[in-house]
Amino acid sequence: MPDSAGPIATPQSPDNPLLKAWTTPFETPPFAEIAPEHFLPAFEQAFADHSAEIAAIASDPATPDFANTITALERSGKLLNRVAAVFYDLVSADSNPALLEIDKEVSQRMARHWNPIMMNAVLFGRIALLYGTRSQLALTSEQLRLLERTYTRFHRSGAGLDDGAKARMAAINERLAQLGTSFSHHLLGDEQDWFMEIGDGDLDGLSDSFVAAARAAAEERGLPGKAVVTLSRSSVEPFLKSSARRDLREKAYKAFTARGDNGNANDNNAGILEILALREETAKLLGFPTFAAYRLEDSMAKTPEAVRGLLERVWKPARARALADRDALQALVAEEGGNFKLASWDWRYYAEKLRQRRANFDDAAIKPYLALDNMIAAAFDTATRLFGVTFAERKDIPVWHPDVRVWEVKDAAGAHKGLFYGDYYARPSKRSGAWMTSLRDQQKLDGAIHPLIINVCNFAKGSNGEPSLLSPDDARTLFHEFGHGLHGMMSDVTYPSLSGTSVFTDFVELPSQLYEHWQEQPQVLRQFATHYQTGEPLPDDLLKRFIAARKFNQGFATVEFVSSALIDLEFHTQPAAAIGNVREFERKELDKIGMPEEISLRHRPTQFGHIFSGDHYASGYYSYMWSEVMDADAFGAFEEAGNIFDPKVAKRLLDDIYASGGSMDPEAAYIAFRGRPPEPDALLRRRGLLDTPEAA
């Protein structure tokens, strides 16, 4: 069923904007009119409408066919999707206590609403009948894909179970929804509660742009004239890289890695154990030995063994590189007279020093050339040159926060294609991380419906009129999320369920990670990386040093990611009852793989929202690396053509990857673009790990 829908006939309500027709430009949500108290009545109406639509489909006396069953399902739930899209955007990007309270209730109500639909025996009978005779139905390739995906979703949701098992599945789903919501709220609570004030005597090593961002963060928290480090990754990581105060680095690092693990009201340890037990029970009800086996059956990887094979193939050379780097960092500590063993809160600081020595480069040197507006312009220009789309800022579109910006997207012929919302700055009301979502998805079922696509980031805001200056990692994140955004904006399918990013988790990161490649191309940087004060272009010497430094510290970056992916896999393959204590399990698994003690997981379990705030990436965090095998290989198509904007390659990329949504099998889609399966060594080559002995 679709995640969001187009214009709909809504019940008229004089008081509730969520239940009225929207007269805003492009029928966008009128955010200024929407208050927390509007959501529960709107959800009640939406649940009732959707249930009635489903009942009508299930009880249709006509013989099941594609139109009265599958297409009818695609048309159902439009009000629910519209209300939910607005609600979850606000909960994630601009929450308040009232919304968070409502979220607790809505998460359970949502599970309670969907359970009887996805387990409806009569409805599933109609779908199964069509699925069993699909070769005789004269369907288009997209219709056939939709039928297969609809059957799979219902089957994997328990529609074929007996009544007792269905009742237990329903109870599990409700409880998991509650636990996932609590996990998110706890993490946000710890992030909102902590900050570290830094005074004038604490600034040694910190760049002017970091201090400006720290002052802006303090002002956001009602502390004008102060400067604070927060638990946003865009605040903590630059601080760990540049602060000369080892004691403050330790304090910030420990707070960052302890989120959700403080033994307070926001502690996530007990919730994790219950989530794992319930997921395991779900898998066994559906006939799978583990949750990972259940989850990965419906993916490109197919099995836990295939995932483990990829991760271990990358782990060995990455660990070897990290250990060699550790020894070099420890030697640097000793050379500077440090009488201490390198610790986790030291790694980034000394790695920056080592990078300066080996590559004559550090982030502070290039940040003045990576102003946020310039990088947005670079992302847009890349899309224009690849796909012909253009972007024009609109000031007349309602937004949920004054910082949010909106652009109208037009195709090469100048026709409206959609809207793009950018919400770039960190604030206390926003959860950490970066993501793409939508307020409305593209479809053509009942006329052209144009998408409303959102990118949310957590970049540090400049102060006193200064622009936000991005680190290279921040700039890459911007391109990454915009790649997801293009996947939604360039979608060209008929059915909502197949729109945009409605693809396998281990394929969805291909369009985003592939797009990152253009951010670091000299051709792009020479045009858009200009100094925020002088307007001077990025000097060639600094550009060369930046490119040479890209593969530096890849041992560390790969180890912190792969270890997180392996922990995710182990959480969902080992018996839940045997885990017992989350911290002890984490330590045991890290010891088993030989995790360097100076490096921690990119996401410790109690803050691992990818896998515990919901199940979208549960047993699926490996997906970023699985997709990286493809993206590293895919960009090679442009390199082989001798033009990073080659029109023929770009046309294949658009048709087979960005525009096709979930209408094609992902492996077939990749081969249609590249002409062959991906070359696995491309990933190791891109990360500079292919020359490590363990890679052989």
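1. How exposed is Asp473? Its relative accessibility is 32%, so Asp473 counts as partly exposed. Please keep in mind that this is a predicted model.

2. On to the partners of that residue. Asp473 and Lys241 meet through their side chains in a salt bridge, at 4.0 Å from N to O. Asp473 belongs to helix H17 (residues 472-489) and Lys241 to helix H9, so the pair ties together parts 232 residues apart in sequence. Both residues are also in a network of salt bridges that links Lys241, Glu352, Arg355, Asp363, Asp473 and Arg476. The structure holds 61 salt bridges.

3. Helix H9 (residues 233-242) also contains Pro238. Leaving aside residues up to four places away in sequence, Pro238 touches Phe210 and Arg233. Its C-alpha atom is separated by 8.5 Å from that of Leu206, 32 residues apart along the chain.

4. Another salt bridge joins the side chains of Asp373 and Arg405 (2.8 Å, N to O). Here helix H16 (residues 372-387) supplies Asp373 and strand E4 (residues 405-410) supplies Arg405, so parts 32 residues apart in sequence are tied together. Asp373 is partly exposed at 46% relative accessible area, and Arg405 is partly exposed at 24%.

5. Now a helix pair. The axes of H10 (residues 246-257) and H14 (residues 344-359) come within 8 Å and cross at roughly 120°, which means that H10 is oblique to H14. The crossing is right-handed. Among the residues making the contact are Arg249 and Tyr253 of H10 and Trp345 and Tyr349 of H14. The contact residues divide into four nonpolar, one polar and five charged.

Technical notes: Residues numbered from 1 in each chain as written. Predicted model: local features only at pLDDT ≥ 70, side-chain atom pairs only at ≥ 80, totals over all residues. Heavy atoms only, no water. Axes fitted to C-alpha atoms, helices over the stretch in contact; angles between N-to-C directions. Helix = DSSP H or I, 4+ residues; strand = E, 2+ residues; numbered from the N terminus. Parallel < 35°, antiparallel > 145°, perpendicular 65-115°, else oblique. Left-handed = near helix turned anticlockwise from the far one by under 90°. Contact = heavy atoms within 4.5 Å. Nonpolar A, V, L, I, M, F, W, Y, C, P; charged D, E, K, R; others polar. Buried < 20%, exposed > 50% of the residue type's maximum accessible area, 1.4 Å probe, protein only.
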